[in-house]
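Hi everyone, thanks for making time.

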Amino acid sequence: MENVIKNYETLLLDYSEASRVALETGRKRLLAFALEKLEEFERAFIQTFSFERLMELQKEFNSKGLLIA
C-alpha cells in the first residue's frame, strides 16, 4: 500500500507542476495528461480498495497541501 500512496502523491505533484505551467504559459496539454493519469489512478484505486479509502487518502494529502481544488 505504501507504494500505491507514493504513486498517488507523485501524480498529485505532477498535476501541481502541470497546473503551474498551464497558468504561466497557457499550454494545457501537460495539464490534460496529468488529469487523465490522476483519473485513471483514482478509478483503479476505487475498484481495488474503495471510494471511502480514496477520500481518506485525499484528506491526508490535503493536510500536506496536495489536493486538487
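I'll start with the core and then turn to the salt bridges.

A quick note first: this is a predicted model, where local features need pLDDT of at least 70, side-chain atom pairs count only at pLDDT 80 or more, and totals for chains, interfaces and linings use all residues. Residues are numbered from 1 along each chain as its sequence is written, and side-chain values use heavy atoms, with hydrogens and water left out.

So, the core. The largest nonpolar core has 15 residues, and Y8, L12, L38 and F61 have the most contacts inside it. By nonpolar core I mean buried Ala, Val, Leu, Ile, Met, Phe, Trp, Tyr and Cys residues joined through side-chain atoms within 4.5 Å. Buried is under 20% relative accessible area, exposed is over 50%, and partly exposed is in between, with a 1.4 Å probe and protein chains only. Two or more residues each come from α1 (2-25), α2 (29-48) and α3 (51-63), with α1 giving the largest share, 6 residues. Helices here are DSSP runs of H or I, at least four residues, numbered from the N terminus.

Now the salt bridges: there are 7, each a side-chain nitrogen of Lys or Arg within 4 Å of a carboxyl oxygen of Asp or Glu. Take R20 and E24, whose closest N and O atoms are 2.7 Å apart. They sit 4 residues apart in helix α1, about one helical turn. R20 is partly exposed at 34%, while E24 is exposed at 58%.
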